[in-house]
Amino acid sequence: MANILVVDDEMGIRELLSEILGDEGHAVQLAENAQQAREARAAGAPDLVLLDIWMPDTDGVTLLKEWQRDGLLTMPVIMMSGHATIDTAVEATRIGAMNFLEKPIALQKLLKAVQQGLTRAQETVRAPAPRVPTPPPQDESASASALFGNAAPPLHALVRAGGQAQANVDGHVFNLSFDLPLREARDAFERMYFEHHLGREGGSMTRVAEKTGLERTHLYRKLKQLGVEPGKLAKKGL
């Protein structure tokens with residue numbers, strides 16, 4: 001899952017892209033103009049930006065130049081327009097945009113461009129030092145424990161029966177149905193994952209962000225999306 005910022009002054013385009021990318025499992029942040037896009041970027045770099053060229057206050061190419069000038073163009077940017085000329089597309093690419101999509105945007109072209117952008121972002125931040133391969137888990141308990149993080153206590157049991165998975169962590173039982181649609185099952189697992197770490201860290205968002213490898217702003221948005229309330233978990237001592 002990636003955090004994607006969509007910048008477009010047309011509400012219909014924003015809602016459509018949000019729905020498509022949300023169905024792909026991404027967290028989507030929306031901005032209707034350059035100022036909102038600046039504020040979103042100031043809060044933390046998204047994994048990828050879809051940026052409209054023609055906007056009423058500041059056009060997308062000018063915003064792209066600002067980010068490049070200020071050293072904020074650290075994420076892949078895909079430009080979008082229904083009226084841009086070839087010269088405009090070439091200029092945006094020269095500045096730092098990695099791709100250009102012409103409106104109306106075809107679904108497959110959108111998904112392909114987004115995947116290419118996210119792949120490039122991963123390659124950019126990948127550590128240069130080779131990682132030692134992790135040995136394959138020897139049993140189900142070890143595999144499930146890895147899902148909850150290397151720092152988590154070992155799972156006492158993982159039982160698959162009747163389409164159900166059950167894990168016991170520190171005396172707290174987590175249940176997950178394999179009969180759920182994929183997106184609902186993924187949300188259910190992520191909810192358990194974050195509740196587990198929030199409980200272990202006493203509700204500290206800073207420590208949970210470090211444990212999960214997320215920026216605080218991304219973590220806040222994800223917890224809100226999943227309906228997880230850190231304060232209540234800290235009080236319950238989950």
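**Helices and strands, one question at a time**

Me: In this predicted model, at roughly what angle do the axes of helix α3 and helix α4 cross?
Reply: Happy to start there! Helix α3 covers residues 60-69 and helix α4 covers residues 86-95. Their axes come within 10 Å, and they cross at roughly 15 degrees.

Me: Is α3 roughly parallel or roughly antiparallel to α4?
Reply: The axes cross at roughly 15 degrees. Angles under 35 degrees count as roughly parallel. That crossing therefore makes α3, relative to α4, roughly parallel.

Me: Which residues of α4 make the contact with α3?
Reply: α3 passes α4 in a left-handed crossing. From α3, the contact uses Val 61, Leu 64, Lys 65 and Gln 68. The residues of this contact divide into 4 nonpolar, 2 polar and 2 charged. On the α4 side they are Thr 88, Glu 91, Ala 92 and Ile 95.

Me: Which strands stand at the edges of the sheet?
Reply: Good one to trace by eye! The open sheet has 5 strands with parallel pairing, in the order β2-β1-β3-β4-β5. An edge strand here has a single partner, so one side of it is left without a neighbour in the sheet. The edge strands are β2 (27-31) and β5 (99-102).

Me: What stands opposite Leu 50 in β4?
Reply: Strand β3 spans residues 48-52 and runs parallel to β4, residues 77-81. The two are joined by 4 bridges. Opposite Leu 50 stands Ile 78.

Me: At about what angle does helix α1 run to β2?
Reply: Helix α1, residues 11-23, lies across β1 (3-7), β2, β3 and β4. Its angle to β2 is about 170 degrees.

Conventions. Residues numbered from 1 in each chain as written. Predicted model: local features only at pLDDT ≥ 70, side-chain atom pairs only at ≥ 80, totals over all residues. Heavy atoms only, no water. Axes fitted to C-alpha atoms, helices over the stretch in contact; angles between N-to-C directions. Parallel < 35°, antiparallel > 145°, perpendicular 65-115°, else oblique. Left-handed = near helix turned anticlockwise from the far one by under 90°. Contact = heavy atoms within 4.5 Å. Nonpolar A, V, L, I, M, F, W, Y, C, P; charged D, E, K, R; others polar. Pairing = 2+ DSSP bridges.
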